[in-house]
Number of protein chains: 2
Amino acid sequence: MSLTNATPADAAKAAKLASHTLATLPTLARNDALTAIHSALGQSKDEILAANARDLELAKKAAENGELSLSIVSRLDLGKKGKWEDMLKGILDVRELEDPVGKVTLRTKLDDGLNLERVSSPIGVLLIIFEARPEVIANIASLAIKSGNAAILKGGKESTESFVAISKVISSALEKSQVPNTAIQLVTTRDVIPQLLDLDQYIDLVIPRGSNELVRYIKSSTKIPVLGHADGLCSIYLEHTVSPDLAVRVVVDSKTSYPAACNSVETLLVEEAALETILPPIAEALLVKGVSLRCDSASKAALTSKLPTHNSTILQDAEEIDFDTEHLSLTLAIKAVPSMADAISHINLHGSHHTDCILTSSSALAETFMSSIDSAGVFWNTSTRMADGMRFGFGTEVGISTNKIHARGPVGLEGLMIYKYKIRGAGHITAEYGEGEGQRSFKHEKIDL
Amino acid sequence: MSLTNATPADAAKAAKLASHTLATLPTLARNDALTAIHSALGQSKDEILAANARDLELAKKAAENGELSLSIVSRLDLGKKGKWEDMLKGILDVRELEDPVGKVTLRTKLDDGLNLERVSSPIGVLLIIFEARPEVIANIASLAIKSGNAAILKGGKESTESFVAISKVISSALEKSQVPNTAIQLVTTRDVIPQLLDLDQYIDLVIPRGSNELVRYIKSSTKIPVLGHADGLCSIYLEHTVSPDLAVRVVVDSKTSYPAACNSVETLLVEEAALETILPPIAEALLVKGVSLRCDSASKAALTSKLPTHNSTILQDAEEIDFDTEHLSLTLAIKAVPSMADAISHINLHGSHHTDCILTSSSALAETFMSSIDSAGVFWNTSTRMADGMRFGFGTEVGISTNKIHARGPVGLEGLMIYKYKIRGAGHITAEYGEGEGQRSFKHEKIDL
């Protein structure tokens, strides 16, 4: 890893060249580099934590002056219990994942002695733009090396001292490995993001990890493909046959277990037939948890009549905008719909195509819902918060994508891969194939993988 | 299919809504629609050919005035021998392909009663911009319907009458099918491309089929992902151990079998050790076929000394720009390189990442070459012109992609698919999983597909 003072263009070009070497390294060489990084970081704990303490001090001052939120200060702290150990363990976890490079996913005998193979290969150069959490740099460097991709990292400025310290350690560890030093580069100079976003000749994929605003800005500022999601406006459709207990559990978990997460529910669509039966206990449980309910008139009327002990002033009136808003807080918009078809239309129109859920006892309805909803995740009778790479068993994730091409939903190492087609022949030429006399035909026999 | 007079935004919105219905149709319903289109076109041959004749008449006049090339006029003609029959057969060929929708590509038991599935699903709305060949509209409509994608088609203006006639027939055929009429829309009004390219809220993927200039313009004018390639600058590396006969066959086929194709070779890199042994017979065979050879000094010197019967004036001096040019004609740039490493660097720097080939008797060198070259196709001892969806056995192709994400190389129906994650649960919530006491753990058991 180099801590680069190069121009963005030179840094990106160097990364591209390094990516060609990295792509050819065997599994062992990439894993060895991760082992080296792990042990070098272990040996340099003191100096990295000292650098982190300097970041923290500045951040605390900025927080005192009201220039920085306390939650950012808290995320900066590498000395927090377990954080350092988790960072180091994460490197070894990535090392132990199955190698995503070089997997043969298609094999066809085109003709005698002429064989086609589709082989997974790294994408090339990733640009990863992330916010202040300093441990992310080790995580991302590991993912890039494991997947055979070069990476340019641009982290939040509040962690600069920590990033620089970590990057120096990673850099000297890589010196002793087969991974080229310029394969992983940290860019610390400010205001380079627009220049980097312009380098589509060198950079193949941008992965922003951060706020909606960051993602939206990046998506609108580059020709390079961007992997990620801006919004997570997830909905649950409550059908009248579901067990009230199950519905309460799932809605409460979806809304309250981590309201700031992209996979938390924001809109509850209630079948009219469930308004007076299943909605009231759900609302009651949510109110107990401190959730603000923004209700349309039908759902408010039902709740007001069924929950007389709650002062109706607790129930807020939803405005149209509530059904297009990712609240990211303990706020839930509630709307009554005549049928599942209306719920599907509402979600496809107002949702962010991230994760949506149906609560029903009918498998037929559930299957129709899951086929009809145009989202990365379509769940039946489970929390929207299950949308997560770790929970899916992917080991790690680089983010959750609402893109419609390449990778959708939680993206693990597989999402950092593309493929190439290899053909091994023996002088075969196209002019000999065709429909005329004496022409050959392709055999196109699938070969088992 | 509707022949739309709607604004681009209304057309795209209608396509999006239709895509949600189309995505849920079973295989049979999509196949039946293709059968209906096939038979309706068969019954309307006379009126379509009459419309085509009107296009042809206008085009011939334009050609006489020098406003249109004769090759475009020739491509317009649907009455040419076999063309009509091929168009109709193409619809049935697509119908017979395996259904790409609903394939389960991952199945994991997350926990008892909690199962994750990754299921292939259509991308959504495709915008396909193509040039004048009128039969393409039937081909693209078939691919879109088969893959469950809605499509907006914008064809070259020279075929307008043919397109309108075909689209009316397809439209009335779809009326009797379950495919919504607005799933396939033809836009004929001019100058709508910039507006369509702006509709990233409705359109999920743009597929340009046409000239480099068209593709380049589209790539630089939209936030919507674009699938395709601008350039096809393919190279062959000639290593000294290859059999001269094999090398002659492959290079001649790669250069001369269809010089205007994107998969034709443009640059021949010659290992110095092969300059006086294998290059001369190749050059001789190419010269016989009328190929202009643009040689660097080393290759020119070798050929001049070895082919004294050819006046050295036949051999042209290469300029730097020749190694960055897709000639698309009977012109080949030739350059000597000391070793394969130089060839690899040259190709990764100057090539277009489309298709590149090594000619060698050494499988070790071939494997290194194929791993190191960053291209969609990496071939050993076979013609670059093998890079083709039909030859690969994909049945059909929507184009050849040099993208680094989603789909690379010849793109068949699979390239028009994405996936969604379905989870079927029984009230499972995330708060119950974790490391604390009494917390559950995910099982993450792979289930066979």
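Predicted model: local features only at pLDDT ≥ 70, side-chain atom pairs only at ≥ 80, totals over all residues.

Visitor: How many of the residues of chain A count as buried, as a percentage?

Guide: Helices (H or I, at least four residues) and strands (E, at least two) are DSSP runs, numbered from the N terminus; chain A has 15 helices and 18 strands. Its C-alpha trace spans about 80 × 75 × 35 Å along the principal axes. Buried means under 20% relative accessible area, exposed over 50%, partly exposed in between (1.4 Å probe, protein chains only). Of the 449 residues of chain A, the buried ones come to 58%.

Visitor: What area do chain B and chain A bury between them?

Guide: A contact here is heavy atoms within 4.5 Å, and 71 residues from chain B meet 71 residues from chain A. Buried area is the accessible area (1.4 Å probe) that two parts lose on being put together, summed over both. On carbon and sulfur atoms lies 56% of it, and the total is about 6,200 Å².

Visitor: Which residues in chain B lose the most area to chain A?

Guide: Three residues lead on that side, together giving 11% of what it buries. They are B:Ile405, B:Tyr421 and B:Thr430.

Visitor: How many salt bridges does the rule find across the interface of chain B and chain A?

Guide: The rule wants a side-chain nitrogen of Lys or Arg within 4 Å of a carboxyl oxygen of Asp or Glu. One such pair is A:Lys404 with B:Asp204, at 3.7 Å, N to O. Across the interface, the count is eight.

Visitor: What are the buried residues of H14(B)?

Guide: They pack against S17 of chain A, and also against strand S8 (234–238), helix H13 (340–350), strand S13 (355–359) and S14 of chain B. The residues in question are B:Ala366, B:Phe369, B:Met370 and B:Ser372.

Visitor: Which backbone nitrogen does the side chain of A:Ser362 reach?

Guide: A:Ser362 sits in the loop between strand S13 (355–359) and helix H14 (363–372) of chain A. Leaving out residues up to four places away in sequence, A:Ser362 touches A:Thr241 and A:Trp380. Its side chain also makes a polar contact (N or O atoms within 3.5 Å, one able to donate a hydrogen and the other to accept it, with residues adjacent in sequence counted only if both atoms are side-chain atoms). At 2.9 Å, the nitrogen reached is that of A:Leu365.

Visitor: Is A:His327 buried or exposed?

Guide: A:His327 is in the loop between strand S11 (315–317) and strand S12 (331–337) of chain A. Not counting residues up to four places away in sequence, A:His327 touches A:Glu266, A:Arg294 and A:Asp322. Its relative accessibility is 16%, so A:His327 counts as buried.

Conventions: Residues numbered from 1 in each chain as written. Chains lettered and ligands numbered in written order. Heavy atoms only, no water.
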